Amino acid sequence: MNLTTKQKQHLKGLAHALKPVVLLGANGLTEGVLAEIESALAYHELIKVKVASADRELKNAIVDAIVRETQSAKVQLIGHILVIYRQSPEMKIALPKAK
């Protein structure tokens, strides 16, 4: 899923007030964590995930794996907080039109 810059800006504004729904612990990215992210995306469409990793390369690999496995779009990554979006069939969040 590709988002335009305008759509990303809109989603960043909506995500600002959100708290992280899923927190990755010492075990890293497990099947259980992926299942939790999947269910949160299905319910909310736009979520924050806290990726607690001191190693920048490992954190980026985990972020890429989350986006790939959940087939979502990365909206932004600030520090340890990842914001991802995946549209559900109900379309709860109205995005600006892509040109």
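This is a predicted model: local features need pLDDT of at least 70, side-chain atom pairs count only at pLDDT 80 or more; totals for chains, interfaces and linings use all residues.
Residues are numbered from 1 along each chain as its sequence is written, and side-chain values use heavy atoms, with hydrogens and water left out.

Back to V83, then. V83 sits in strand β4; strands (E, at least two residues) and helices (H or I, at least four) are DSSP runs, numbered from the N terminus. Which residues does V83 touch, if we leave aside its neighbours within four places in sequence? The contacts are A15, L46, I47, K48, A73, K74, V75 and Q76, where contact means heavy atoms within 4.5 Å. From C-alpha to C-alpha, V83 is 17 Å from L58, and the two are 25 residues apart in sequence.

Now the strands around V83. Strand β3, residues 73–78, runs antiparallel to strand β4, residues 81–85, and five bridges join them; two strands pair if DSSP finds at least two bridges between them. Q76 stands opposite V83, and K74 has I84 in β4 as its bridge partner. The hairpin of β3 and β4 has two residues between the strands, and there G79 takes a positive phi near 60°.

Zooming out, the sheet is open, with four strands in the order β1-β2-β4-β3 and mixed pairing. The edges are held by β1 (22–24) and β3, each with a single partner strand, so one side of each has no neighbour in the sheet. From one strand to the next, the twist averages 25°.

What lies across this sheet? Helix α2, residues 31–44, lies across β1, β2 (46–51) and β4, and runs at about 155° to β2. Axes here are lines fitted to C-alpha atoms, for helices over the stretch in contact, and angles run from 0 to 180 degrees between N-to-C directions.

On to the helix pair. Two packed helices are described by the angle between their axes and the distance between the axes. For α2 and helix α3 (residues 56–70), the angle is about 60° and the axes are 11 Å apart. The two are therefore oblique to each other: under 35 degrees counts as roughly parallel, over 145 as roughly antiparallel, 65 to 115 as roughly perpendicular, and the rest as oblique. On the α2 side, L34, I37, E38 and L41 meet I66, E69 and T70 of α3. By class, that contact has four nonpolar, one polar and two charged residues; Ala, Val, Leu, Ile, Met, Phe, Trp, Tyr, Cys and Pro count as nonpolar, Asp, Glu, Lys and Arg as charged, and the others, Gly among them, as polar.

Q71, in the loop between α3 and β3, has a positive phi of about 50° although it is not a glycine. Q71 counts as exposed, because its relative accessibility is 62%. M91, in the segment after β4, also has a positive phi of about 50° without being a glycine. M91 is exposed too, with a relative accessible area of 53%. Thanks, everyone!

Definitions and conventions:
Buried means under 20% relative accessible area, exposed over 50%, partly exposed in between (1.4 Å probe, protein chains only).
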